[in-house]
Number of protein chains: 2
Amino acid sequence: MTTLSPTDPTAAAPARTTPTPTGPIPVPPRGAARLDVELVTEALLGRWAAARRTARERAARPELHRPLDATVAEHRERVFAQLQLLAEEGVSRPMLPEHLGGPHDNGANVAAFEELVVADPSLQIKAGVQWGLYTAAIIQLGSEQQQRDWVPDAMSLATPGAFAMTEIGHGSDVQSLATTATYDPATEEWEIHTPFRAAWKDYLGNAAIHARAATVFARLITGGVDHGVHCFYVPVRDADGALLPGISSEDDGPKGGLNGIDNGRLAFEHVRVPRTHLLNRYGDVAPDGTYTSPIESPGRRFFTMLGTLVQGRVSLDGSAIRASQLALHIALTYATQRRQFTAADPTQEMVLMDYQAHLHRLLPKLAATYAGAFAHEQLLQAFDDVFSGRADDPESREDLETLAAALKPTSTRLALDTIQECREACGGSGFLAENQLVGLHQDLDVYATFEGDNTVLLQLVAKRLLSDYTSELRSVDRAGIGRFIAQRAEVLAKRHTPWARLGQDLSDRRSPRRAFDSMREAHFQEDLLADRARVRVEEVALALRPTARMSPAEAAAEVNKHQVEMLDAARAHVDLVRWRAFTAGIEQLEDEGTRAVLTDVRDLFGLTLINDDLAWFLLNGMISTQRARQIGSDLRRLLRRIRPHVLDLVAAFDVRPGHVRAPIALGGEQERQEEAAAYFRDQRARHDAPVSEKVLRERARPSRREAAKHTEAH
Amino acid sequence: MTTLSPTDPTAAAPARTTPTPTGPIPVPPRGAARLDVELVTEALLGRWAAARRTARERAARPELHRPLDATVAEHRERVFAQLQLLAEEGVSRPMLPEHLGGPHDNGANVAAFEELVVADPSLQIKAGVQWGLYTAAIIQLGSEQQQRDWVPDAMSLATPGAFAMTEIGHGSDVQSLATTATYDPATEEWEIHTPFRAAWKDYLGNAAIHARAATVFARLITGGVDHGVHCFYVPVRDADGALLPGISSEDDGPKGGLNGIDNGRLAFEHVRVPRTHLLNRYGDVAPDGTYTSPIESPGRRFFTMLGTLVQGRVSLDGSAIRASQLALHIALTYATQRRQFTAADPTQEMVLMDYQAHLHRLLPKLAATYAGAFAHEQLLQAFDDVFSGRADDPESREDLETLAAALKPTSTRLALDTIQECREACGGSGFLAENQLVGLHQDLDVYATFEGDNTVLLQLVAKRLLSDYTSELRSVDRAGIGRFIAQRAEVLAKRHTPWARLGQDLSDRRSPRRAFDSMREAHFQEDLLADRARVRVEEVALALRPTARMSPAEAAAEVNKHQVEMLDAARAHVDLVRWRAFTAGIEQLEDEGTRAVLTDVRDLFGLTLINDDLAWFLLNGMISTQRARQIGSDLRRLLRRIRPHVLDLVAAFDVRPGHVRAPIALGGEQERQEEAAAYFRDQRARHDAPVSEKVLRERARPSRREAAKHTEAH
């Protein structure tokens, strides 16, 4: 038994007075598949490549960068000045419709906006408040006359504006807002009023200091009837920045991040604005107070108005992916230079990137970021198709809204998790502000709960999936019902037969290599992910079937008992969407080596998703125990295969100097390593290196291994 | 098929102009088991209850609190002034040994230190640097004379000190530090020298501004022999704060958090200190340069010296748990008051806490925090037993170091995840600095990588587990080997028979209730967690068996291929430790109701751990598919059972006003809810509430349900 000493090699690091960090960073071996970096960069730039390139040059300019140490007040002033610069340069001009003299290029506008995140997320979101929300509300909800009246000053920043939707008491539940706008036919005015503290508008960018006007969401009341939430244009401060009569404002004060934005609260005490200040595209009152709307159903009217504002979610999805790319660029660059602990070669420390645990913590995030980037490009194209009018029908709008509601929570979650993992993977260096990761996490933090709380959005997606499922059932004919029942029986049969996929086992048995190859087949991953997405919805739908016969209160309670499963169903759907987008993205690339490398990355993404939910696949008989047992080592094999391509994969993100300001990712670490290596080389050459006590002691006695051999021989 | 409409109840919220948030916060029904809050508080306070109580009073004092908006410079000055206060009040006096006039009460000292985290983590860590590291190094590594020379000024803060261990090039790998201390017998001096940039000391608290002296870790070289890393007392600044000759310092600048501490770098250019400045308890040189040490093996000597500094890890474990408690107090209090969206009752919005998803995201963190608190008390007692000398033997020290290395990564990870989940669960409010959660996350962030990087520590634990396993094998006699082989065969048999636990199925079949009860049996959870902890180690040990015949380089490469499994083995071990500590903690409580409620919480902890690794348990034949399929609904059932006790469970943490400064957890939300409710009540009483357009439309036509009935009837 004495030869069984698995721990010896990993015990205290061997004595070593001369660590020599040398050797090139691993690159793909000659002849092996290799990523064509420019090709991939081009694919990731997508349809609005030109707009992104210009925006990336802009984002590299130092005058637009996030300060590392500033009070809230200083940071706010800096960002406001930066915003003036952007206004002067007409950065948001592409969003303008033709009748306002713009190109109405929504895709280009959003693409450019997303790139700003690497300059300063505060600047990005402040620009988003001014143009993506406040100005966009006027354009989307107002008449052409209203647009002509208010948009030019909004674009030029002559009128900084707040987007006054959220209230203290109601965040993502916009339908329950309590601010009222009551029409007075005597004066032909609206009276905007905040009835109680919980109805104060809150978290509004620009509200604490800079806003001169606001687009205020309030319940439209005329003739004693509440027509639901509409949007009003309300001046809030005069030219000197003093609050107008009846307007109150409070400062939200310091926040977890985005401190370059003056978030604050607004309240209205019987504030009067003219009748024409109702943004009246989807609802209007005549001078006598008669309400009219092109959309009869109040529910549909509300969701149509809200739907015009989907751009915020679309752009946060892209920004979150871009932020993940920056974080990965920093952490993976550092990991290929930083050396720590001696392992394989006792004269040389290993770079972090060669540790299995390091690959394991970072590469799945890299893979998910690729998936997210391809999925986002699809979302952005869908958004542009709808808003350009090229494909603007109710179904496309609804699909767009669902896709945005699905991707925004996933990418913002990914960004936070990725940035945090990157920060920890950089150790103490990752905690220094100069290395950007902590600031990025602080700023991106709120992306998870604003523009629709992530949980609320995933619930929306789940409802849409359930409603699609139900319509599908409703629409099937008798033959279809038979098919449905057969499918359902198949699922149940699988569930009660863990060996249902026995075929997998028979073909794979005793050949892990074959199992590895087949799990890497696209259809294997797609089948599993698609089956899960379908069955997860089906399970919830069936569980909720009795609610049709319940009172609303009972039904709601029952639905609540399945909320976690609903969210799981939504996540399963998004996973499939992202996997398919990634796969489609690879297929369009016309270089075999590039496709081979990216397919490994896609497999890492797909198998990670499957592995993370492995018990579910097992319990539903969708994967054999043989393959399930194999998946961990397959993932580790993929990590090793992708390892030589890490720097290429990161390079394709086109994160540039100026975006990267982190010294640890700009060669600082490499320089230090080389200096230390030179020192030890020099010492060895001079033969004056001190000898280690440990080595002396080893020399003074027979080695343990020899002693052991000696013992065994006797 | 028309009755199948599972989504209807969850579609757009029903029309409602009068949300009335009312009703008491759910409490346990009369007669049901209920938590004795004071009893649990007492149990959590543990052996050093008195010290904790005093420290909690101190932490509630406003002058010790974290500022919400300050520049780095302002925050540093504030914290330094606070530290002076603590010094004047003799807060760290309990750590002093008798010969320095102290009570040598290490447990009380650490307990009090941990409580500081709710005042300002910067203050806590600055105190930790001064007394827990710099002063402790002198006490632990120095002679009595050295202690008398330097400790009094360290305690009084007359000499602020830095603990100069970490180098830019080497963080957790202390053995590879490159700073040298070369003995010159001619002058009887040490020459401390930084040979290259990577050897600069970095991230040192106090180094940028305040430190007058430093305990510097450097390779001791005398007579051409390198005796490994030792610690030296080195003055670095004069009384005016000017750097002494040969000393260089740089400021680490702003960080992700803990900005009240002046972290910085130090370098030494042939700096000379007297021979007696070597802290000489574990190694000394005579005037002629002869090296002596009470510990022969250089490896053991090094680890003994390092082991004396385990206090840092112990105290971070406790601080992380305390920070989680504060975060949970804030988020769970808010969740019981905040209402959002209409569900069960259309006239009333639901409190967040009643949403299944909300319970699901927060209660497992609450359960893990309880487990962590009980585990920490065991760690603290073990620490005190060793350092008081009551149980100071090599094995106890090693056990203590392993336990600290196991718990610190787990609790700091838990704290970060818990705080982040709490911040997101509070929506936009959670992002405001005044509500404490973002600041807490920023400050605690670095706890994951300092005092031993979490990954490195878990790897240490894994090595210890592997080495214990190997010794166990070595020590078994022939009969034992037979037993081992039989056990191993049993594991393999289970693995290849997913139905091995068929007994579970037979007894549980068709009775989810019985399955629920039996999964809640302590021995069921303990068996699973213990089996996993054992088998995970065994698997790695067997996989590494061939390394015994490999060259060190090959062996290291092979070990690296199993690094992720090693970390998993360590985590499985910690899970078991925490589960057992929680269970032991409950058993000591002499109140049946309290035990019943806490057992539910323990079950939530245990079943969550099992559920998180469910595929592994399935694939190793340790849980039946029947039970595995049941576990999700069992967890949801536990969430509902624990729901009424949430506020009691939080109250037992004894987080006080002054610790909680978050307005959302101090009744602000409740007040707003009540004001809004009163407004709507009043409106209803006056009969002047506007009527909803939606309601009018509904009234104007037969309801859909009636229409549907009508259709069906024909």
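In this predicted model, a network of salt bridges links A:Arg52, A:Arg56, A:Glu114, A:Glu115, A:Arg322, A:Asp654 and A:Arg656.

**Surroundings of A:Glu377**

A:Glu377 belongs to helix 9 of chain A, which covers residues 356–387. Its side chain reaches the backbone nitrogen of A:Arg47 at a distance of 2.7 Å. Leaving aside residues up to four places away in sequence, A:Glu377 touches A:Leu45, A:Gly46, A:Arg47, A:Trp48 and A:Arg52.

Over all chains, the whole structure holds 112 salt bridges.

| Pair | Distance, N to O |
|---|---|
| B:Arg53 and B:Glu42 | 2.6 Å |
| B:Asp251 and B:Arg76 | 2.8 Å |
| B:Arg643 and B:Asp354 | 2.7 Å |

The side chains of B:Arg53 and B:Glu42 form a salt bridge at 2.6 Å. B:Arg53 sits in helix 2 (residues 49–59) of chain B and B:Glu42 in helix 1 (residues 37–45), so this bridge ties together parts that are 11 residues apart in sequence. B:Arg53 is partly exposed, with a relative accessible area of 33%. B:Glu42 also counts as partly exposed, at 40% relative accessibility.

B:Asp251 and B:Arg76 meet in a salt bridge at 2.8 Å. Here the pair ties together parts that are 175 residues apart in sequence, because B:Asp251 lies in strand 7 (residues 247–251) of chain B and B:Arg76 in helix 3 (residues 72–88) of chain B. The relative accessible area of B:Asp251 is 38%, which makes this residue partly exposed, whereas B:Arg76 is buried at 4%.

B:Arg643 and B:Asp354 meet in a salt bridge at 2.7 Å. Both partners are in loops of chain B: B:Arg643 between helix 22 (625–642) and helix 23 (646–651), and B:Asp354 between strand 13 (349–351) and helix 9 (356–387), so the bridge ties together parts that are 289 residues apart in sequence. B:Arg643 is buried, with a relative accessible area of 7%, and B:Asp354 is partly exposed, with a relative accessible area of 29%.

**Aromatic pairs**

A search over all chains finds 32 aromatic pairs in the whole structure. In one pair, the ring centres of A:Phe383 and A:Phe387 are 4.8 Å apart and the planes stand at 35°, so the arrangement is tilted. A:Phe383 and A:Phe387 are four residues apart in helix 9 of chain A and are thus separated by about one helical turn. Both A:Phe383 and A:Phe387 are buried.

Another pair is formed by A:Tyr679 and B:Phe196, whose ring centres are 5.1 Å apart; their planes are at 65°, so the pair is edge-to-face. A:Tyr679 lies in helix 24 (residues 668–686) of chain A and B:Phe196 in the loop between strand 3 (189–193) and strand 4 (201–204) of chain B, so this pair joins two chains. A:Tyr679 is partly exposed, with a relative accessible area of 26%; B:Phe196 is buried, with a relative accessible area of 6%.

Ring pairs also link A:Tyr370, A:Phe374, A:Phe582, A:Phe605 and A:Phe653 into a cluster.

Helix 8 of chain B runs over residues 311–335 and has 25 residues. From first C-alpha to last this helix reaches 36 Å, close to the 36 Å expected at 1.5 Å a residue. Helix 8 of chain B is mostly covered, with 24 of its 25 residues buried.

Chain A contains 26 helices and 14 strands. Of the 714 residues in chain A, 61% are buried. Among the contacts in chain A with a separation of 6 or more, 76% are between residues 24 or more positions apart.

Terms used. Residues are numbered from 1 along each chain as its sequence is written. Chains are lettered from A and ligands numbered from 1 in the order in which they are written. This is a predicted model: local features need pLDDT of at least 70, side-chain atom pairs count only at pLDDT 80 or more; totals for chains, interfaces and linings use all residues. Side-chain values use heavy atoms; hydrogens and water are left out. The expected span of a helix is 1.5 Å times one less than its number of residues. Buried means under 20% relative accessible area, exposed over 50%, partly exposed in between (1.4 Å probe, protein chains only). A salt bridge is a side-chain nitrogen of Lys or Arg within 4 Å of a carboxyl oxygen of Asp or Glu. A polar contact is a pair of N or O atoms within 3.5 Å; within protein, one must be able to donate a hydrogen and the other to accept it, and residues adjacent in sequence count only if both atoms are side-chain atoms. Contact means heavy atoms within 4.5 Å. Rings of Phe, Tyr and Trp (its six-membered ring) pair if their centres lie within 6.5 Å; planes under 30 degrees apart count as stacked, over 60 as edge-to-face and the rest as tilted.
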